[in-house]
Amino acid sequence: MARVLQYLLLFLMSLALRIRVVGYWSLIYGYCALCTIVALLKLCWNIILRPTATFQWGVRETPPACLNDTSLGTHCYVRIKESGLRFHYVAAGERGKPLMLFLHGFPEFWFSWRYQLREFKSEFRVVAVDLRGYGESDLPLSSDSYSFDSLVTDVKDIVEYLGYNRCCLVGHDWGGTIAWLFAIQYPEMVTKLIVLNSPHPSVFTDYALRHPSQLLKSSHFFFYQLPRFPELMFSINDFKALKALFTSRSTGIGRKGRLLTAEDLEAYLYALSQPGALTGALNYYRNVFSSLPLSQNHVRSPVLLLWGERDAFFEQEMAEACRLYIRNHFRLNIISGASHWLQQDQPDIVNTLIWTFLKEGEGRKSYRN
């Protein structure tokens, strides 16, 4: 009788797990279908209003002058043996100084760290990398090439190629997610972790499933699962949706922020209008539901989390919840009036807060290789 009850319990547990899995994927694909319908309606409305302009867009052939600004650093390339991919990065500061590595988000590239490259090159060897699929780095077209493991391994290989065994790691948005994961997997390689507007992945998973408001703000995660259609929606009307991400009142840099110049915006359009560039950027989202939840989630490095109060994509409550997963010093700064694009929106405040954090605890000597 006891054995029968044991088998029955195991069966019920197995059934409950399967129901949860089916429910999880039903939610994902159901929400994906809903987002698709909304996007189709927007496309039809665009065609009605602008029948000739809707399907007109062009590749930017010439990079704007700001991408070749020598005050930002030197353009370099490295081919990683593990993946065989070639990565582009911009580096400044003396070789041999402590390494500060910057990881950008979506839909950005190394250029989003221009204010930080200038600021921290006096004390660090600063390196802003184009992640795989972005900018001048290689662009695998298969979504399978953008797994969490691959993205984290890229960071490890780049740090080691640069001649370091540890670094101060700085990440924003998707780059922040990769930075969290790298610090979890390779704690000995991260002296200090600085994340901007990107929640710990476990916090995001738990919070989004319990808060419909965050699920609504994360609707792009579901829409981007579709092949090709999101790329089309970003391209129509000469990349109008892409421009709106950075400039609109709802998602763009705030009125009190340092607005993008026309040349800054053209730099983003130059990078993302290249053939395949939007697919590479969107592929980061196309593996995310298969990669979560995490099997390991504790961070053992000191952490600074900077958060723009007006973030249109992530609710502020997630920032404080990150504390649960940190086994070291944790500092959280909410920046009033700032948008999701924090390091470009409020660079002076961001840089000051980073300097304060770097001077805490062991001090700058702890960054020596």
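Where is R228 found? R228 sits in the loop between helix 7 (219-223) and helix 8 (229-247), where helices are DSSP runs of H or I with at least four residues, strands are E runs of at least two, and both are numbered from the N terminus. Before going further, keep in mind that this is a predicted model, in which local features need pLDDT of at least 70, side-chain atom pairs count only at pLDDT 80 or more, and totals for chains, interfaces and linings use all residues. Residues are numbered from 1 along each chain as its sequence is written, and side-chain values use heavy atoms, leaving out hydrogens and water.

Back to the backbone. Most residues other than glycine have a negative phi, and most peptide bonds are trans. R228 has a positive phi, near 70°, without being a glycine. At 72% relative accessibility, R228 counts as exposed (exposed is over 50%, buried under 20%, partly exposed in between, with a 1.4 Å probe and protein chains only). N237 has a positive phi too, about 55°, and is not a glycine either. N237 lies in helix 8 and, at 12% relative accessibility, counts as buried. Then there's a cis peptide bond between F106 and P107, with omega about -10°; P107 belongs to the loop between strand 3 (99-103) and helix 2 (114-120).

Now zoom out. The chain has 14 helices and eight strands, and buried residues make up 54% of its 369 residues. Take the contacts (heavy atoms within 4.5 Å) between residues at least 6 apart in sequence: 77% of them join residues at least 24 apart.

Finally, visit N197, in the loop between strand 6 (190-196) and helix 5 (201-210). N197 is buried, with a relative accessible area of 0%. Leaving aside residues up to four places away in sequence, N197 touches a set of residues including H172, D173, W307, F314 and H340. D311 is also one of those it touches, and the side chains of N197 and D311 make a polar contact at 2.5 Å (a donor and an acceptor, each N or O, within 3.5 Å; residues adjacent in sequence count only if both atoms are side-chain atoms).
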